[in-house]
Amino acid sequence: MRTGGLVVGLAALSIGGPSAADAWTRPKGEGLAILKYEHMRADRGFAPSGDLADLPARRSDRTASIFAEYGLTERLTARFKGEWQSGEDAFVDYDGRGPVEIGMNWQVWRDDRAAVALYGGVADGGEGRNAGYAAPGVGERDWEVRAAGGRSFGATFVELQAARRLRDGLPDETRLDATLGAHVGSDWMLLGQAFGGQTDGGDARWLSLEASVVRHFGDWSVQAGWRDALAGRETPDSAGLVLAVWRRF
């Protein structure tokens, strides 16, 4: 199904963005790899009240990531994500490996237009930011379970995801993400995405919106977009460019 094949890489997430889980799994013997670059900047942050306040200095976070998945069977897909991060704020400069995650995505149900999948994965924290609200290097091993449901409506599609992330060294999280997409001809796709969540107890909350465009060139695709924080608590008011190259194989 073309919609499933195209949307499957969009939630490659990303701390501060969606985790790797989609309603449509890859067919057996087919794979996808995505190289992605993000540069987020913030001069203000969301206080515990949710109000915006100036930061002591600009915060900058740069992330280069690779996401890969491969269809082991018609209903089971293996996934991997790794990151390298660098950045600075008023208190720290950092450069090092971000979290590395592996997991499995299982196709619970699927027909010609709709699909439901369940994902389970484990991540190992690195020297970078393992959570957008935490200092670099804070956080160890994480476990995530995620449910995703999607439906296509001709040239458009929608996908909703809900996840629980159990964390060592950081508070557990609940995450909710959504994607709305539209195919424009055979070579273009427009995407609107919302990434939200909060820690247990609600000390940290986040909601970001991202708009992007994807251009297909056979088995290759390129993506360019912009992400902006809409609301939060104890999180930066970050915004920045997102660039990615996809390769289907």
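**A close look at the pocket**

Modeller: Happy to! In this predicted model, the largest pocket has a volume of about 360 Å³. Its lining is made up of 22 residues, and those nearest the centre of the pocket are Leu55, Arg59, Asp89, Phe91 and Pro236. By type, the lining residues split into 14 nonpolar, three polar and five charged. Strand 1 (31-46), strand 2 (52-71) and strand 13 (235-236) each give at least two residues to this lining, with strand 2 providing the largest share, five residues.

Now to the packing. Nine residues form the largest nonpolar core: Leu32, Ile34, Phe67, Phe157, Met189, Leu191, Val214, Ala244 and Trp246. At least two residues of this core come from each of strand 1, strand 10 (188-199) and strand 14 (239-248). There is also a second, separate core of six residues, with Ala131, Tyr133, Ala204 and Trp206 among them. Back in the largest core, Ala244 touches Ile34, Leu35, Lys36, Ser221, Val222 and Gln223, leaving aside residues up to four places away in sequence.

Asp219 sits in the loop between strand 11 (205-217) and strand 12 (220-233). Asp219 counts as partly exposed because its relative accessibility is 44%, between the 20% and 50% cut-offs. Setting aside residues up to four places away in sequence, Asp219 touches Trp246, Arg247 and Arg248; Trp246 is itself one of the residues of the largest nonpolar core. By contrast, 35 Å separates the C-alpha atoms of Asp219 and Tyr94, which lie 125 residues apart along the chain.

Key:
Residues numbered from 1 in each chain as written. Predicted model: local features only at pLDDT ≥ 70, side-chain atom pairs only at ≥ 80, totals over all residues. Heavy atoms only, no water. 1 Å grid on protein atoms, 1.4 Å probe; cavity = no way out; pocket = protein on both sides within 12 Å on 5 of 7 lines; lining within 4 Å. Points joined across faces, edges and corners; volume = space filled by probe spheres on them. Helix = DSSP H or I, 4+ residues; strand = E, 2+ residues; numbered from the N terminus. Nonpolar A, V, L, I, M, F, W, Y, C, P; charged D, E, K, R; others polar. Core = buried A, V, L, I, M, F, W, Y, C linked by side-chain atoms within 4.5 Å. Buried < 20%, exposed > 50% of the residue type's maximum accessible area, 1.4 Å probe, protein only. Contact = heavy atoms within 4.5 Å.
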